[in-house]
Amino acid sequence: MAADPVRVPVAHATVDCGVYCDGTRLPGSFTHDAAQNKVEELRREGRNAFVWIGFHGPDERQMQTVANVFGLHALAVEDAVHAHQRPKLERYDDTLFLVLKTVTYVEHESIAKAREIVETGEIMIFVGPDFVVTVRHGEHGGLAGVRKHLEASPHLLELGPYAVMHAIADHVVDGYLEVTESIETDIDAMEEDVFSPTNRTDIECIYLLKREIVELRRAVGPLATDLQRLGSEHSDLISVEILRYMGDVLDHAIKASDRIASFDEVLSSLVQAAVGKVAMQQNTDMRKISAYVAIAAVPTAIAGIYGMNFEHMPELSVTWGYPAVLLFMVVVCGLLFRAFRRNHWL
């Protein structure tokens, strides 16, 4: 009989848990259930309060414990645990579930030495009337900076849990723009390499960039469609002010998506140009090989004729016959070399 897996406390996966009241974070540390109890107490007093708890890579039992406290839907909880989700926005009663793909640019000396250019992760956001639960997967995309910025802006926190959703989405989408700017530098360098007549083009580098752009497009593309649905389908949950802020996020997401689409078109053109350049390089190499083979054929043919060991052959009995044949081979090879150089074969 298999032993039950070890139950790891929720606190081990908790990055931060804060209770916010009237735009200010309350002092002290809270567990997820204590935070929710505190929020309910404050809201009974008529205060504007909510809890924001962040997790990094929780397991099923940890996530289910939190789901029981905040009333999260089982399907969304399953998605949050197993990750590898596409960007999406779903609604479960009065709770929104938003999945964001985070991206970061992997620094490298050159494309030729790079093995990965874009690294992706995920952030899942559960937003309810009095709580925000964020689940992060991946080693990048931490939200400590977002939390710090919000805590320094009480007027934003006073807008409630959906202000946190906006801040996270804005942070992630700004990351898209930063990554596209870095990739644009790589594409410019690749264009310069492909269209430089003296450089030999490594087409595998273009395919690497193409693969990373495809991954980036899958991370960014679907988000714009989901953000457009906020105002039309979920205006009963989100205030007009937050929708205005989300409109700015949508504009940035569309801008990033358009950039990525243009990168895809440029790389497709670069692939065609590189294939043509490689074909020209191969043609040049074949001409050089053919020229050297033609030059080598002359002494080979003469040596083959004199190697047949017949008795009656020209110059066999002449003293200067051997050096004359050598001189003839050198002269003919030299004339062939000069002709090939003149025709740019060598």
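**The largest pocket**

Helix 8 is the biggest contributor to the lining of the largest pocket, giving six residues. Helices (H or I, at least four residues) are DSSP runs, numbered from the N terminus. This is a predicted model, where local features need pLDDT of at least 70 and side-chain atom pairs count only at pLDDT 80 or more, while totals for chains, interfaces and linings use all residues. Residues are numbered from 1 along each chain as its sequence is written, and side-chain values use heavy atoms, with hydrogens and water left out.

- On a 1 Å grid over the protein atoms alone, a pocket is an open set of points with protein on both sides within 12 Å along at least five of seven lines, whereas a cavity is a set where a 1.4 Å probe fits but cannot get out; lining residues have an atom within 4 Å of a point.
- The volume of the largest pocket is about 250 Å³, a volume being the space filled by probe spheres set on the points, which are joined across faces, edges and corners.
- Its lining has 13 residues, and Pro197, Lys277, Met280, Gln281 and Thr284 lie nearest the centre of the largest pocket.
- By class, four residues of this lining are nonpolar, five polar and four charged; Ala, Val, Leu, Ile, Met, Phe, Trp, Tyr, Cys and Pro count as nonpolar, Asp, Glu, Lys and Arg as charged, and the others, Gly among them, as polar.

**The cavity**

- The count comes to one cavity of 30 Å³ or more, and the largest cavity holds about 30 Å³ of space.
- Leu150, Leu156, Leu159, Ala163, His166, Ile242 and Tyr245 form the lining of the largest cavity.
- Helix 6 (161-194) and helix 8 (240-306) each supply at least two residues of that lining.
- The lining of the largest cavity has six nonpolar residues, one polar and no charged ones.

**Helix 8 with helix 9**

- Helix 8 and helix 9 (residues 321-342) pack at about 165°, with axes 9 Å apart; axes are lines fitted to C-alpha atoms over the stretch in contact, and angles run from 0 to 180 degrees between N-to-C directions.
- Helix 8 and helix 9 are therefore roughly antiparallel (angles over 145 degrees).
- Among the residues that meet are Ala291 and Tyr306 in helix 8, and Val325 and Phe340 in helix 9 (contact means heavy atoms within 4.5 Å).
- By class, this contact has 15 nonpolar, no polar and no charged residues.

**Helix 6 with helix 7**

- The axes of helix 6 and helix 7 (residues 203-233) come within 11 Å and cross at roughly 155°.
- Helix 6 and helix 7 are therefore roughly antiparallel to each other.

How values were computed. Parallel < 35°, antiparallel > 145°, perpendicular 65-115°, else oblique.
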